[in-house]
Amino acid sequence: MAGDPLTAPQPVAPPESPDFLADVIAGLSSNPRTLPCKYFYDERGAALFQKICELPEYYVTRTEIDILDRNRNEIASQLGPDIQLIGLGTGAGTKTRILIDALEKPAVYIPVDISEKQLRESTALFRKIFPELEILPVCADYLQPVVLPSPRHKPARNIVYFPGSTIGNFEPNQAVEFLRRIANVCRGGGGLLIGVDLKKEHQVLEAAYNDGAGVTAQFNLNLLERVNRELGADFDLDQWWHRAIYNSNAGRIEMYLTSEIDQFVHLDEHKFHFRRGDKIITEFSYKYAPDEFAALAAKAGFEFIRMWTDDARLFGIFYLTIPSNEPR
Ligand code: AVJ
């Protein structure tokens with residue numbers, strides 16, 4: 001990394017993850033059993049997620065890009081000139097590139113991502129295509145407090161960009177708390193541009209998470225592979241299967257790994273017993289109606305400005321601001 005002229009000006013340090021083992025043990029010991037979805041995104045997981053984004057059933061990414069593309073000038077004029085854009089989990093940067101292209105004289109771009117490889121590659125690419133833009137990458141888990149780097153010049157305001165409907169991974173209460181943290185960054189005339197997957201027929205939702213080519217299954221199972229590889233567990237990958245269902249009461253997709261047989265899994269002095277049919281929850285992906293999401297954001301202090309959507313209303317890109325009289 002030290003000799004890399006494209007990223008050398010800024011530190012791109014991978015996040016320390018001493019918590020991985022503790023998180024896995026806690027998750028497998030709890031009832032119901034869970035594994036945190038943030039651990040999907042190791043190098044292989046990030047690559048598999050890229051493949052998911054191109055699947056015919058996974059309308060999410062394609063629809064968000066299309067909405068962004070069609071409305072980029074309107075979105076850009078809403079955000080205004082001379083902004084500091086803070087991207088959360090922007091991955092390979094496909095969407096951010098479209099956004100920055102449309103912005104009027106953006107001042108600074110701070111991509112925050114947990115995947116070091118993607119962050120380095122997208123930073124190198126963005127420095128080439130936006131040579132005027134100051135880019136300050138931060139490799140971090142944004143679920144933890146992140147210290148933002150200081151730009152050379154003070155920008156007009158902060159805009160947080162949180163694409164991909166990753167907000168859906170939070171339980172609604174935690175989503176409000178997370179949005180409150182973002183709100184603190186947006187004060188003083190800033191705002192939040194956020195992608196949210198909307199409620200729709202459960203067949204469409206379930207197909208998106210149970211694709212015919214089995215890529216989502218590989219993505220889900222990669223989590224067990226990662227636990228084996230990095231923590232020395234002995235999950236037998238042939239004895240687990242992937243399934244996603246839409247829980248309409250809770251308004252969320254639930255992704256599971258289900259044990260095919262009665263089996264034990266060993267991990268660091270621990271021995272976990274699974275009966276046939278026992279499940280590990282690996283991801284929740286909440287879906288919102290437009291007014292539901294606006295109400296959720298209002299609890300965090302945000303004012304709904306507007307939402308851009310597609311003809312079928314599959315996905316929404318929301319712009320939210322903090323009213324200037326809002327108390328801290
Ligand atoms: C990255 C959280 C938006 O919930 O749709 C895709 C992750 N998981 N297929 C989603 C995911 C399985 C995705 N998010």
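**Backbone features, ligand shell and aromatic contacts**

Pro32 lies in the loop between helix H1 (19-29) and strand E1 (33-34). In this predicted model, the peptide bond that joins Asn31 and Pro32 is cis, with omega at about -5 degrees.

Two further backbone features concern phi. Glu269 is not a glycine, yet its phi is positive, at about 75 degrees. Glu269 is found in the loop between strand E10 (263-267) and strand E11 (270-274), and with a relative accessibility of 82% it counts as exposed. Arg313, also not a glycine, has a positive phi of about 55 degrees. The loop that holds Arg313 runs between strand E13 (303-309) and strand E14 (315-321). Arg313 has a relative accessible area of 47% and is partly exposed.

The ligand has 13 residues around it, of which Tyr58, Gly164, Tyr209, Glu283 and Ser285 come nearest. By class, this shell consists of 7 nonpolar, 5 polar and 1 charged residues. Helix H2 (43-53), helix H8 (215-231) and strand E12 (279-286) each contribute at least two residues to the shell.

Across the model, the count of aromatic pairs comes to 22. One of these pairs is formed by Phe162 and Phe178, with 5.6 Å from centre to centre and 55 degrees between the planes, a tilted arrangement. Phe162 lies in strand E6 (residues 157-162) and Phe178 in helix H6 (residues 172-186), so the pair ties together parts that are 16 residues apart in sequence. Phe162 and Phe178 are both buried.

Aromatic rings also take part in contacts with charged side chains. The charged end of Arg252 sits over the ring of Phe284, at 3.8 Å from the ring centre. Over the ring of Phe264 sits the charged end of Lys271, 4.7 Å from the centre of that ring.

Key:
Residues numbered from 1 in each chain as written. Predicted model: local features only at pLDDT ≥ 70, side-chain atom pairs only at ≥ 80, totals over all residues. Heavy atoms only, no water. Near = heavy atom within 4 Å. Helix = DSSP H or I, 4+ residues; strand = E, 2+ residues; numbered from the N terminus. Nonpolar A, V, L, I, M, F, W, Y, C, P; charged D, E, K, R; others polar. Phe/Tyr/Trp six-rings, centres within 6.5 Å; stacked < 30°, edge-to-face > 60°. Buried < 20%, exposed > 50% of the residue type's maximum accessible area, 1.4 Å probe, protein only. Lys NZ or Arg CZ within 6 Å of the ring centre and 35° of its normal.
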